[in-house]
Amino acid sequence: MKKNLAVYGTLRDFKTKKGKVSGFSLVFPAMTKAFPAAIREWEDSIVVELKEIEDYEIHEYDKYENVKGGLYKREDVIVELPDGDKVEAWMYVAGPVITQDTGIYEKIKDNDWENVDY
């Protein structure tokens, strides 16, 4: 069975259909500027891309995002598409390893990973 995965950072390909997820900000955690994290920010929204995956593939994504180690956790979210349609998706958000940090984050411009300059 297919399921949507909302990705906002290193998993983006910048070709897939974009949408927005409300209630989050996209930040660099204090510990690194190598990867972003979505943190709860009720008055904000982040840019995501939707990937359609098979149910069984989620375990590989969980490993990549180190869910077991607490780096990220997977949540159900609603993605609003540019045409106004809304779809359900899984999304990885900051887990306890990231949030236990000092709480110091650098916000990513326009909450869009595409705006990060390296």
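Q: Is Gly-23 buried or exposed?
A: Gly-23 counts as buried, at 4% relative accessibility. Buried means under 20% relative accessible area, exposed means over 50%, and partly exposed is in between, with a 1.4 Å probe and protein chains only.

Q: What kind of model is this, and how are residues numbered?
A: This is a predicted model, with local features needing pLDDT of at least 70 and side-chain atom pairs counting only at pLDDT 80 or more, while totals for chains, interfaces and linings use all residues. Residues are numbered from 1 along each chain as its sequence is written, and side-chain values use heavy atoms, with hydrogens and water left out.

Q: Back to Gly-23. Where is it, and what does it touch?
A: Gly-23 is in strand S2. Not counting residues up to four places away in sequence, Gly-23 touches Ile-39, Arg-40, Glu-41, Trp-42, Asp-44 and Ser-45. Contact here means heavy atoms within 4.5 Å.

Q: How far is Gly-23 from Val-97?
A: The C-alpha atoms of Gly-23 and Val-97 are 20 Å apart in space, and the two residues are 74 apart in sequence.

Q: How many helices and strands does the chain have, and in what pattern?
A: The protein chain has two helices and six strands. The pattern along the sequence is β-β-β-α-β-β-α-β. Helices (H or I, at least four residues) and strands (E, at least two) are DSSP runs, numbered from the N terminus.

Q: How compact is the chain?
A: It is as compact as a globular protein of its length, because the radius of gyration is 13 Å, close to the 13 Å that the globule rule gives for 118 residues. That radius is taken over C-alpha atoms, and the rule is 2.2 Å times the number of residues to the power 0.38. Along its principal axes the C-alpha trace spans about 40 × 30 × 30 Å.

Q: What share of the residues is buried, and what about the surface?
A: Buried residues are 45% of the 118. The accessible surface of the chain comes to about 6900 Å², with 49% of that belonging to carbon and sulfur atoms. Accessible areas come from the Shrake-Rupley method with a 1.4 Å probe, and for residues only the protein chains shown count as cover.

Q: Which residues touch the most other members of the largest nonpolar core?
A: Ile-46, Val-79 and Met-91 do, in a core of 34 residues. A nonpolar core is a set of buried Ala, Val, Leu, Ile, Met, Phe, Trp, Tyr and Cys residues joined through side-chain atoms within 4.5 Å.

Q: What does Ile-46 touch?
A: Apart from residues up to four places away in sequence, Ile-46 touches Tyr-8, Gly-19, Lys-20, Val-21, Phe-24, Ser-25, Leu-26, Ala-38, Met-91 and Asn-111.

Q: Asn-111 is in that list. Where does it sit, and is it buried or exposed?
A: Asn-111 lies in the segment after strand S6 (105–107). With a relative accessible area of 3%, Asn-111 is buried. Its phi is near 55°, a positive value in a residue other than glycine.

Q: And what is phi at Asn-66?
A: Asn-66 has a positive phi of about 55°, although it is not a glycine. Asn-66 is in the loop between H1 and S4, and counts as partly exposed at 35% relative accessibility.

Q: Changing topic: what does Tyr-105 contact?
A: Leaving aside neighbours within four places in sequence, Tyr-105 is in contact with Val-27, Phe-28, Pro-29, Ala-30, Ile-39, Ile-98 and Thr-99. Tyr-105 lies in strand S6 and is partly exposed, with a relative accessible area of 27%.

Q: Where is Ile-98, and how far is it from Pro-29?
A: Ile-98 is in helix H2 (residues 96–99). Ile-98 is buried, with a relative accessible area of 0%.

Q: Last one: where is Thr-10, and what does it touch?
A: Thr-10 lies in the loop between S1 and S2. Not counting residues up to four places away in sequence, Thr-10 touches Ala-34, Phe-35, Pro-36, Tyr-64 and Trp-113. At 43% relative accessibility, Thr-10 counts as partly exposed.
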